[in-house]
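Hi everyone, thanks for coming.

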Amino acid sequence: MEKEKTSFFQSTFFIRTCSGIVLVLLALFFIISGGSILLGGLSIISLIGMSELYKVMKIDRKLLGFTGYLLCVLYYAHLYFAMDDNSQVVFLVILSLILLLAVYVFCFPAYRSEQVMTAFFGIFYVAVMLSYIYLCRMMDGGAYLVWLVFLCSWGCDTCAYLTGICIGKHKMAPVLSPKKSIEGAVGGVIGAVLLGILYGYVFQNQIPAENASFLCAVVCGIGSLISMIGDLAASAIKRNHEVKDYGTLIPGHGGILDRFDSVIFTAPVIYYTILFLMK
């Protein structure tokens, strides 16, 4: 029995590791490429993530879901053709709500009101928030600053996990996520800040800031706190609907939302934090 458990653990760890390596390689390709390649990749990831969320609410293959996908495509098309013009964003928000409510009204009673709200929520929770990776990449010094999104979210997650294993005793969210500890959370934030300081020091000549290490430390500190909220928020949605994983696209990790839950929250916060600090 012990041999079977060991073998299962080793195979799961191997699959998870291989999937993680593939994810890193894909991230390197898309982010280094930047421009339309990154935007196209994010649009595909957003559509997959939305479909995972919509599947939980059973609207992924229905008219309401397809309307959400269409609005996601329109949003990314807007970014491609008019990235510097934000005057149409409010119009897109209003258009999204009108179209989704139109489907709700003319198909009544095919959908419940909470399904309509999920369709609307999915566009902004997944598509819009993920698009800030592209916006970070396109800003001044973005080729290096954009990596802070992943450094603070995935770095915090790794440091929190290791700290929790070593000294974790007090549960941070016992009902929502029993394995997460307060000690792990503190270790995750400290680890992310230290990684930020190191990253800023190594790339100080490429980052357009007077003190790159300070900038990266502050950004990673704030981003790591937000990343934990994003992780717990995604877990809360799964708990509410009794779902273990959002999908099976990434072996050993689950779906897009399972792997990018913290990144989704972190990307816009980091974008605006950098803008504020670099004024």
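**A walk around the model**

Let's begin with helix H11, which covers residues 256–277. It has 22 residues and reaches 31 Å from its first C-alpha to its last, close to the 32 Å expected at 1.5 Å a residue. Keep in mind, please, that this is a predicted model.

Now, where in H11 is the kink centred? Look at Ser262: the helix has a kink of about 35° there. And how enclosed is H11 by the rest of the structure? Well, 16 of its 22 residues are buried, so the helix is largely enclosed.

Let's step back to the whole chain. You can find 11 helices and 2 strands in it. If you read along the sequence, the pattern is α-α-α-α-α-α-α-α-β-β-α-α-α. The radius of gyration is 20 Å, close to the 19 Å that the globule rule gives for 279 residues, so the chain is as compact as a globular protein of that length. Its C-alpha atoms fill a box of roughly 55 × 55 × 30 Å, taken along the principal axes. Of the 279 residues, 46% count as buried.

What about the inside? The largest nonpolar core has 70 residues, and those with the most contacts inside it are Tyr76, Leu130, Ile133 and Leu148. Let's pick Ile133 and see which residues it touches. Leaving out residues up to four places away in sequence, its partners include Leu38, Leu42, Val146 and Phe150, and also Val263 and Ala267. For the chain as a whole, take the contacts with a separation of 6 or more: residues 24 or more positions apart account for 71% of them.

Next, the rings. The structure holds 17 aromatic pairs. In one of them, Phe29 and Phe30 have ring centres 5.2 Å apart and planes at 65°, so this pair is edge-to-face. Phe29 is partly exposed, at 47% relative accessible area, and Phe30 also counts as partly exposed, at 25%. Then there are Tyr80 and Phe81, with centres 4.9 Å apart and planes at 85°, so they are edge-to-face too. Here Phe81 is exposed, with a relative accessible area of 70%. Ring pairs also link Trp147, Phe150, Trp154 and Phe260 into a cluster.

One last stop: Leu26, in helix H1, residues 2–33. Leu26 counts as partly exposed, at 42% relative accessibility. Its C-alpha atom is separated by 33 Å from that of Leu95, 69 residues apart along the chain.

Terms used
Residues numbered from 1 in each chain as written. Predicted model: local features only at pLDDT ≥ 70, side-chain atom pairs only at ≥ 80, totals over all residues. Heavy atoms only, no water. Core = buried A, V, L, I, M, F, W, Y, C linked by side-chain atoms within 4.5 Å. Buried < 20%, exposed > 50% of the residue type's maximum accessible area, 1.4 Å probe, protein only. Contact = heavy atoms within 4.5 Å. Phe/Tyr/Trp six-rings, centres within 6.5 Å; stacked < 30°, edge-to-face > 60°. Helix = DSSP H or I, 4+ residues; strand = E, 2+ residues; numbered from the N terminus. Expected span 1.5 Å × (residues − 1). Bend = angle between axes of the 7 residues up to and from the residue. Rg over C-alpha atoms; globule rule 2.2 N^0.38 Å.
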